[in-house]
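Colleague: I have a model open and want to learn how to read it. Can we go feature by feature?

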Amino acid sequence: MIEESTLPALAEIECAATLEALEALRVGTLGKSGSITTLVKTLGAMSDEERRTKGPLIHAIRTTVADAITARKAALEGAALAEQLARDTLDLTLPAADRPRGSIHPVSQVMDELAEIFADLGFAVATGPEIEDDWHNFTALNIPESHPARAMHDTFYFPESDLAQGGKTGPEGGRMLLRTHTSPVQIRSMLEHGAPLRIIAPGRVYRSDSDATHTPMFHQVEGLVIDKGIHLGHLKWTLETFLKAFFEREDIVLRLRPSYFPFTEPSVEVDVGFALVNGKRVLGGSGDAPGHGWMELLGSGMVGRTVIAAGGLDPDVWQGFAFGVGVDRLAMLKYGMDDLRAFFDGDVRWLAHYGFSPFDVPTLSAGVGTAA
Ligand code: DAH
């Protein structure tokens, strides 16, 4: 009777293929009406004598079967775990999938470079609105209503109807427009901060113009120094120091040429010497040397008396110089890019080619990244 009910079960337990099959065997043997439970129950009806001889045997059988089930369960679970581990292996030596990563636009990069160079010279960064009024953009800069310079700027004006509806008139009642240069920030900075003053104002400007070297929106950086006893020598030193730092060349040579801007007196056009190397212009050296030339780079001058007065300052006390230069042009010259329109096309291939890795150079827009 003992052999019949246990040994086949033991053999089955030892080769149960799954946890479910094993559980069925447990119910069939040790369960409420399982074969071994039934066997244990027969002890109650036995005589003392019989129980003394069969009892230990029956309990031994139950223990053996229970142990066999526990052992088989552990073996099956272990095998399942091992199989899962084998299936789920992670190969940490595989290269990670490449994820698209943004880059710093050359214009942002150059504006950061400018801010850093001028910060070393004690200049703060100032800003002004891109939707500007006529007074700040023109009149306060000594460009009155009938001045031909207004026509030269190809201004985008807001429709008169917008003025009526949106109340978009300037504080001085002028018509609203998209600023044509960063020079209005000169006026705003003087009015806001007074003197002495040392600022640069990088930002977007707008003119109705479009070809390989002109886009309707482009970037300028304005510079303004207002203090006592400022003269052209300060202007020349500042521009020279800035351009040498920006182009990372000690041999940058400037030529100051008399010019005209309504807001400066005297006005100075600044040229920079270049050499022709394999048909390409490489900045450096005097433009008068054989095989060299001068390239027009920026406008500047001593801030006009009326402009200083429009900024709320006494021109008998305060003098200053100002300059304005195209940021996009600076970027093209420094990094060898030749079509301005590509700057604003948003072509990711161009950006991938000319963009700056946020991890290569610590800049204001990139943050101080750690080298990859
Ligand atoms: N605002 C001028 C322009 O957009 C550039 C300029 C020339 C700015 C001379 C200046 C300056 O501050 O002094 O054409």
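Predicted model: local features only at pLDDT ≥ 70, side-chain atom pairs only at ≥ 80, totals over all residues.

Colleague: How many bridges join strand 4 to strand 5, and do they run parallel or antiparallel?

Modeller: Ten bridges join strand 4 (residues 197-206) to strand 5, and the two run antiparallel. Strand 5 is also joined to strand 10 (residues 319-326), by eight bridges, again antiparallel. There, Ile 226 has Gly 320 of strand 10 as its bridge partner.

Colleague: Why is strand 5 described as largely enclosed by the rest of the structure?

Modeller: Count the buried residues. Strand 5 covers residues 217-227, and nine of its eleven residues are buried, so the rest of the structure largely encloses it.

Colleague: Which strands pair with strand 7?

Modeller: Take the partners in turn. Strand 6 (residues 254-261) is joined to strand 7 by seven antiparallel bridges. Phe 261 stands opposite Thr 264 in strand 7, and a hairpin links these strands through two residues. Strand 9 (residues 292-303) has ten bridges to strand 7, also antiparallel. Ser 267 faces Gly 301 of strand 9.

Colleague: What is the phi of Asn 278 in the hairpin of strand 7 and strand 8?

Modeller: Asn 278 takes a positive phi near 50 degrees. That hairpin has two residues between the strands. As for cover, ten of the 14 residues of strand 7 (residues 264-277) are buried.

Colleague: Now the helix. Where does helix 4 have a kink?

Modeller: Look at Lys 54. The kink there is about 40 degrees, shortly before the proline Pro 56. End to end, helix 4 (residues 48-87) reaches 57 Å between its first and last C-alpha, close to the 58 Å expected. Its buried residues include Gly 55, Ile 58 and Leu 76.

Colleague: And pockets? How does one find empty space?

Modeller: Rolling a probe the size of a water molecule over the atoms shows where empty space is left. Here, the second largest pocket has a volume of about 150 Å³. Among the residues lining it are Arg 101, Val 348, Phe 356 and Pro 358. The lining divides into five nonpolar residues, four polar and one charged.

Colleague: Is Pro 358 buried or exposed?

Modeller: Pro 358 has 19% relative accessibility, so it counts as buried; the cut-off is under 20%. Pro 358 sits in the segment after helix 13 (348-354). Its C-alpha is 53 Å from that of Leu 76, 282 residues apart along the chain.

How values were computed: Residues numbered from 1 in each chain as written. Heavy atoms only, no water. Helix = DSSP H or I, 4+ residues; strand = E, 2+ residues; numbered from the N terminus. Expected span 1.5 Å × (residues − 1). Bend = angle between axes of the 7 residues up to and from the residue. Buried < 20%, exposed > 50% of the residue type's maximum accessible area, 1.4 Å probe, protein only. 1 Å grid on protein atoms, 1.4 Å probe; cavity = no way out; pocket = protein on both sides within 12 Å on 5 of 7 lines; lining within 4 Å. Points joined across faces, edges and corners; volume = space filled by probe spheres on them. Nonpolar A, V, L, I, M, F, W, Y, C, P; charged D, E, K, R; others polar. Pairing = 2+ DSSP bridges.
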